[in-house]
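Welcome, and thanks for taking a look at this one. Please have the sequence and the 3D view open as you read.

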Amino acid sequence: MQEGGDLPVPNVVHYVWFENREPGSVSKPQDISLWKIIGPISVHRILRPDKIILHSNIKPTGKWWDELLRMVPMEYEHYPLITTIFGQRITQLAHRSDVARIDVIRKYGGIYLDFDVVVLKSFDPLRRYDCVLGVETGAKLDTNGVTNAGVLIGKKNATFLNMWYEGYRKYVGKSWLHNSAFVPTEIWSKHPELLHVEHNIWHDTSGYAFKQIVDLSDKYAYHMWVTAVARAPKVQLPKDVNLRKLSPADAYKLNSTFGELLQRFYVDEYMAKTATTAFTNATSI
């Protein structure tokens, strides 16, 4: 892969998608939700990457995946489902994704993003560093200040990435965050020159942007954490809004930054397209 311009990190965006099934499997596919498409749409509009690549053992399916591909050019590269690391068995799907994102960025360089990360401004200032992560803030006090791999920016073969990957020789499968968060945080504390920690990559565990209007003007990206928010009792959404079954019309019921982001990156265009189609059909009768 070619590096973008004269910056050490290529302007190439990588996503990872794993399912516990393989092509040809008779098990039910995992359809993606509406909220998962606004991240890649924001990437396409704001970062204008040379490529967007999905690394996956099986292609996602469903209405909203088809809609995403209509709006965003995305390449597919088959990535076998990870089952072991340094001879140790991995069963957690999230841990498999953790390993894959480090592997992909250290092999190729570029930008890895979780699907629920919305990009808000150019990453060019961040692509000047060998490796970049943000840290968690918010309600989960035990992880405040701990690195989060939902946004990972790095050059090919960066020393920090290689050390992080080597940390999986002591894989702790019973811990959700040990290798993905606490290990890189420890490496950062010992070797701060190897990692740029960007506090304007917002990994908020409180769900503030689902409760109110939040100023995101200084943020590079916002990690929405929709699945966690959906389970959080303190985040009160309208009773007729289900985040797992979100519809475009629901965006206008949400008096929050989350609702604004839905409108900005997808829903306003969807509603305009729907209105145009309805008008065309009506005038053709």
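Leaving aside its neighbours within four places in sequence, leucine 113 is in contact (heavy atoms within 4.5 Å) with Val13, His14, Tyr15, Val43, Val119, Phe123, Gly150 and Val151. A second, separate core has 30 residues, including Ile102, Ile105, Val135 and Leu194. A nonpolar core here is a set of buried Ala, Val, Leu, Ile, Met, Phe, Trp, Tyr and Cys residues joined through side-chain atoms within 4.5 Å. Buried means under 20% relative accessible area, exposed means over 50%, and partly exposed lies in between, with a 1.4 Å probe and protein chains only.

The largest nonpolar core has 56 residues, and Leu113, Phe123 and Phe258 have the most contacts inside it. Helix H8 gives the largest share of this core, six residues.

## How the model was read

This is a predicted model, in which local features need pLDDT of at least 70, side-chain atom pairs count only at pLDDT 80 or more, and totals for chains, interfaces and linings use all residues. Residues are numbered from 1 along each chain as its sequence is written, and side-chain values use heavy atoms, with hydrogens and water left out.

## Aromatic rings and charges

How many aromatic pairs does a search of the whole structure find? There are 11; rings of Phe, Tyr and Trp (its six-membered ring) pair if their centres lie within 6.5 Å, and planes under 30 degrees apart count as stacked, over 60 as edge-to-face and the rest as tilted. The rings of tyrosine 266 and tyrosine 270 have centres 5.6 Å apart and planes at 35°, so this pair is tilted. Both tyrosines sit in helix H8 (residues 257–283), four residues and about one helical turn apart. Helices (H or I, at least four residues) and strands (E, at least two) are DSSP runs, numbered from the N terminus. Tyrosine 266 is buried at 1% relative accessibility, while tyrosine 270 is partly exposed at 22%.

Elsewhere, Tyr15, Trp17 and Phe115 make up one aromatic cluster. Two charges also sit over rings, meaning that NZ of Lys or CZ of Arg is within 6 Å of the ring centre and within 35 degrees of the ring normal. Arginine 106 lies over the face of tyrosine 165, at 3.8 Å from the ring centre, and lysine 121 lies over tyrosine 220 at 4.7 Å.

## The packing of helix H5

In helix H5 (residues 178–190), the buried residues are Asn179, Ser180, Ala181, Val183, Pro184, Thr185 and Ile187. They pack against helix H3 (93–108), strand S8 (131–137), strand S9 (147–154) and helix H4 (159–166).

## Loops worth a visit

Glutamate 19, in the loop between strand S1 (12–17) and helix H1, is buried at 2% relative accessibility. Its side chain makes a polar contact of 2.8 Å with that of tryptophan 17; such a contact is a pair of N or O atoms within 3.5 Å, where, within protein, one must be able to donate a hydrogen and the other to accept it, and residues adjacent in sequence count only if both atoms are side-chain atoms.

Methionine 224 lies in the loop between strand S12 (221–223) and helix H7 (226–231) and is buried at 1% relative accessibility. Beyond its neighbours within four places in sequence, methionine 224 has contacts including Trp35, Phe210 and Phe258. Arginine 48, between helix H1 (38–47) and strand S2 (51–56), is exposed at 65% and has a positive phi near 45°.
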